[in-house]
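Q: Please take a close look at one part of this predicted model and its surroundings. I would like a single connected account.

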Amino acid sequence: SIGCCVTVPMSLPAASSSDEEDDSDASTKPIRSEKKKNPVSLFQTGGDPPKEKKSKKKVPPKGAESEEETLETPPKNSNKKGKAKKSKKLKEERPPSPVIEVDNLEEFVLQPAPQGVTIKCRVTRDKKGMDRGLYPTYYLHLDNDKKVFLLAGRKRKKSKTSNYLISIDPTDLSRVGENFIGKLRSNLMGTRFTVFDNGANPDRANADWSNVRQELSAVVYETNVLGFKGPRKMTVIIPGMNADGERVPIRPRNDNDGLLMRWQNRNMDNVIELHNKAPVWNDETQSYVLNFHGRVTHASVKNFQIVHSSDPDYIVMQFGRVADDAFTMDYNYPLCAVQAFAIALSSFDGKLACE
């Protein structure tokens with residue numbers, strides 16, 4: 001079986017010395033930080049911290065993985081040149097993905113993952129067609145037996161900056177269609193991205209502003225002027241959550257009021273800052289490694305895990321290559337499918353300034 005530690009740059013490593021070392025190098029925080037802090041409280045911005053309240057009023061999924069499972073606590077094993085030890089094999093027989101009921105697709109993809117459940121998905125890239133390579137279509141499915149379709153995304157043609165449309169219909173990727181659910185827009189350099197839902201432009205706001213589009217996320221890639229091909233550095237900015245576990249609406253009235261400007265000006269009211277987990281250099285394999293617990297099998301600079309700096313063991317989202325045009329994408333509370341998919345799409349964009 002293929003090992004669970006995957007390099008970020010060029011070649012798949014033979015091994016990492018041990019998963020425990022990887023995590024302790026990445027952070028001085030104790031591995032089982034979930035015992036002292038409920039991860040849910042990290043994302044609340046307003047009111048008192050939730051008292052272990054698990055609000056599930058509108059949650060469609062049924063069946064949940066345990067909190068322990070969601071937190072991705074590293075198994076105690078070493079992995080030498082792909083030879084799995086027996087103890088490792090037992091540890092890695094993880095329970096199957098929970099049964100996710102998607103009754104209303106539009107509602108499901110905008111709704112935060114239920115607390116304590118990891119939503120496991122697969123992204124496939126389709127390069128077929130006349131302008132393949134330039135404008136591939138990306139599809140998001142649940143990574144379970146039913147392979148339920150969730151979202152499709154494609155870069156718009158004739159757009160000055162990278163602009164991806166996200167749809168709940170795999171065949172309808174038009175901006176005006178009723179299946180349009182969100183979009184991802186980049187700056188000219190391709191280093192900063194903003195994710196919107198399908199609300200109206202502020203120019204067409206109604207009296208109480210309730211129809212105006214929400215900003216769901218922003219992604220900042222740190223530029224690398226030296227051209228070093230090492231791991232990317234990402235900052236992900238998302239709206240905070242209220243005491244009921246619902247996303248605080250961020251509806252900017254102009255470009256100076258969005259998530260990126262709030263973050264830049266350190267105006268962090270109702271805003272949460274996340275980062276990709278720093279891979280650790282491994283002398284034995286001469287490569288950077290991250291522990292993906294068997295969910296990622298191919299080396300790629302696109303592989304990443306998103307965490308909160310106060311609890312680097314709670315994986316908010318992870319993404320990584322499993323084949324030439326297939327990737328796994330797993331997300332946890334407080335992200336929704338549109339946020340996670342858009343963050344993944346941003347990593348496909350050609351960012352010369354970052355590589």
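A: A residue is called buried under 20% relative accessible area, exposed over 50% and partly exposed in between (1.4 Å probe, protein chains only). Helices (H or I, at least four residues) and strands (E, at least two) are DSSP runs, numbered from the N terminus. The model is predicted, with local features requiring pLDDT of at least 70 and side-chain atom pairs pLDDT 80 or more, while totals for chains, interfaces and linings use all residues. Residues are numbered from 1 along each chain as its sequence is written, and side-chain values use heavy atoms, leaving out hydrogens and water.

The part examined here is helix H6 (residues 337-348). H6 is mostly covered, 12 of its 12 residues being buried. The buried residues of H6 are Ala337, Val338, Gln339, Ala340, Phe341, Ala342, Ile343, Ala344, Leu345, Ser346, Ser347 and Phe348.

Two strands are said to pair if DSSP finds at least two bridges between them. A closed barrel of 12 strands runs S2-S3-S4-S5-S6-S7-S8-S9-S10-S13-S14-S15, with antiparallel pairing. From one strand to the next, the twist averages 20°; axes are lines fitted to C-alpha atoms, for helices over the stretch in contact, and angles run from 0 to 180 degrees between N-to-C directions. H6 packs on this sheet, where it touches strand S2 (119-126), strand S3 (137-142), strand S4 (149-155), S5, S6, S7, S8, strand S9 (234-239), S13, S14 and S15; contact here means heavy atoms within 4.5 Å. The direction of H6 makes about 25° with that of S8.

Ser167 has Phe180 in S6 as its bridge partner.

Strand S14 (residues 311-323) is also touched by H6. Because 12 of the 13 residues of S14 are buried, this strand is largely enclosed by the rest of the structure. S14 runs antiparallel to strand S13 (residues 304-308), to which 5 bridges join it. His308 is partnered by Asp311 in S14, and a hairpin of 2 residues connects S13 to S14. On to S15 (residues 326-331), S14 pairs over 6 bridges, again in the antiparallel sense. Here Gln318 stands opposite Asp330 in S15, and a hairpin through 2 residues joins S14 to S15.

The loop between S15 and H6 contains Pro334. A cis peptide bond, with omega about 10°, joins Tyr333 and Pro334. Most residues other than glycine have a negative phi, and most peptide bonds are trans.

Rings of Phe, Tyr and Trp (its six-membered ring) pair if their centres lie within 6.5 Å; planes under 30 degrees apart count as stacked, over 60 as edge-to-face and the rest as tilted. By this rule there are 8 aromatic pairs. One of them is the tilted pair of Phe43 and Tyr314, with 6.0 Å between the centres and 45° between the planes. Phe43 belongs to the loop between helix H1 (19-26) and helix H2 (67-70) and Tyr314 to S14, so the pair ties together parts 271 residues apart in sequence. Phe43 is buried at 0% relative accessibility, and Tyr314 is buried at 5%. Phe319 and Phe348 form an edge-to-face pair, 5.7 Å centre to centre and 90° between the planes. Phe319 lies in S14 and Phe348 in H6, so this pair ties together parts that are 29 residues apart in sequence. Phe319 counts as buried at 0% relative accessibility, and Phe348 counts as buried at 11%. Both rings belong to one aromatic cluster, formed by Tyr138, Phe304, Phe319, Phe327 and Phe348.

Trp209 lies in the loop between strand S7 (192-197) and strand S8 (215-221). Although Trp209 is not a glycine, its phi is positive, about 70°, and at 17% relative accessibility the residue counts as buried. His293, in the loop between strand S12 (287-291) and S13, likewise has a positive phi, about 55°, without being a glycine. Its relative accessible area of 9% makes His293 buried.
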